[in-house]
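Have the viewer open and follow along.

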Amino acid sequence: MTSVLMCRPEHFTVSYRINPWMRPEQATDTRLALAQWETLHAVYRDLGFDVRLVDPLPGYPDMVYAANGGTVIDGTALTARFRHTERAAEGPAYGAWFRAAGFAVHQARHVNEGEGDLLLVGDTVYAGTGFRTDPRAHGEAAEVFGREVVSLQLIDPRYYHLDTAFAVLDPAGGPGAVAYLPGAFDDASQEVLRFRFPDAVVVSDDDAAVLGLNCFSDGRTVVHAPQAEKFAADLAERGFGTVGVDTAELRRGGGGIKCATLELRS
Ligand code: ARG
């Protein structure tokens, strides 16, 4: 069964700017963010997911982006260590949740922003760097999880986390298991992606710009931003079920569906 961790956006707002999507000078609508998040939560329940919740901390508006709270594989949680002080306290908050939930917890030595930059495809972890996660954390993840880790270099500040430019469609892996935006990566990483995933879904700039790649899939159904129309059509053509959930208010913090979802792999 797919098990995920989420955090209700009770304190959601944009009060600082640590990525180009964030505009603290523009008012946000916390009620709208909550309503959109509740829809996502309900969709996951309908899909049969086991959905767990971590308490939101007042003063930490980005805590809704649970994907950044850590990385959990085989019952082991590698804690997050945030690049920016604005989010620093989220690491221990998620760490305490993992401990209380019975996961083996490995305290991170290097900066890593959880599943924002560390994504499991088959037996391999794909790891982003360039803006947030320290490349040394890639080696640390390889040690902690005993898996191959493939580093990918992000070069476009709008796609500062791997999960904004790269989506896992089939967690089991395979040549078409992912979707990505080539232009978010440097040439060497594009080469790696072409080699490893010759049948990947390559998305358009327009679909990426609505954070279409920030989707969540259990391998059968992809929950995605409804604005990413061409991407959704491509997914349907490949036989995936598709469910559009609008989380546009959360996009104002620079995150979408995947950002709000941390997978718990026991
Ligand atoms: N405002 C947050 C930040 O910049 C957004 C995080 C989005 N999360 C993600 N997994 N991409 O850190």
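This is a predicted model: local features need pLDDT of at least 70, side-chain atom pairs count only at pLDDT 80 or more; totals for chains, interfaces and linings use all residues.

## Histidine 110 and its contacts

Setting aside neighbours within four places in sequence, histidine 110 touches Arg81, Asp134, Arg136, Ala137 and Glu140. You'll find histidine 110 in the loop between strand 5 and strand 6. Is histidine 110 buried or exposed? Its relative accessibility is 16%, and the cut-off for buried is under 20%, so histidine 110 counts as buried.

The average pLDDT is 98, and 100% of the residues score at least 70. For the complex, the predictor reports an ipTM of 0.97 and a pTM of 0.98.

Glycine 146 follows helix 3 and has a positive phi, near 60°.

In helix 2 (residues 90-100), the buried residues are Glu90, Gly91, Tyr94, Gly95, Trp97 and Phe98. Viewed down the axis of helix 2, they fall within an arc of 160°, so they too line one face. Pro92 and Ala100 are exposed on the other side of helix 2.

What do the buried residues of helix 2 pack against? Their partners are strand 1 (3-6), strand 2 (50-53), strand 3, strand 4, strand 5 and strand 15. Just after helix 2 comes glycine 102, with a positive phi of about 95°.

## The annotated active site

UniProt, in an unreviewed entry, places the feature "active site" at His161 and Cys259. The two are spread over 99 residues of sequence, yet they cluster in space, with a largest C-alpha distance of 9.4 Å. His161 and Cys259 both belong to the lining of the largest cavity.

Histidine 161 is in the loop between strand 8 (148-153) and strand 9 (166-168), and at 1% relative accessibility it counts as buried. Beyond four places in sequence, histidine 161 contacts Asn68, Glu113, Gly116, Asp117, Arg132 and Leu154. With glutamate 113 there is a side-chain to side-chain polar contact at 2.7 Å. Cysteine 259 is in the loop between helix 7 (248-251) and strand 15 (262-263), and at 2% relative accessibility it is buried as well. Its contacts, again leaving out neighbours within four places, are Val64, Tyr65, Ala66, Ala67, Asp163 and Asn214.

## Tyrosine 126 in strand 7

Strand 7 holds tyrosine 126, a residue that counts as buried at 3% relative accessibility. Its contacts outside four places in sequence are Asp117, Leu118, Leu119, Val121, Val150, Leu152, Leu162, Phe166, Arg196 and Phe197. Asp117 is also among the contacts of histidine 161.

Most residues other than glycine have a negative phi. Two loop residues are worth a look here. Aspartate 74, in the loop between strand 3 and strand 4, has a positive phi of about 55°.

Leucine 211 has a positive phi too, near 60°. Where is leucine 211? Its place is the loop between helix 5 (205-209) and strand 12 (216-217). With a relative accessible area of 2%, leucine 211 is buried.

Methods:
Residues are numbered from 1 along each chain as its sequence is written. Side-chain values use heavy atoms; hydrogens and water are left out. UniProt positions are given in the numbering used here, feature names are shortened, and annotations may be inferred rather than shown by experiment. On a 1 Å grid over the protein atoms alone, a cavity is a set of points where a 1.4 Å probe fits but cannot get out, and a pocket is an open set with protein on both sides within 12 Å along at least five of seven lines; lining residues have an atom within 4 Å of a point. Helices (H or I, at least four residues) and strands (E, at least two) are DSSP runs, numbered from the N terminus. Buried means under 20% relative accessible area, exposed over 50%, partly exposed in between (1.4 Å probe, protein chains only). Contact means heavy atoms within 4.5 Å. A polar contact is a pair of N or O atoms within 3.5 Å; within protein, one must be able to donate a hydrogen and the other to accept it, and residues adjacent in sequence count only if both atoms are side-chain atoms. pLDDT is the predictor's confidence in each residue, from 0 to 100. The arc is that of the directions from the helix axis to the C-beta atoms.
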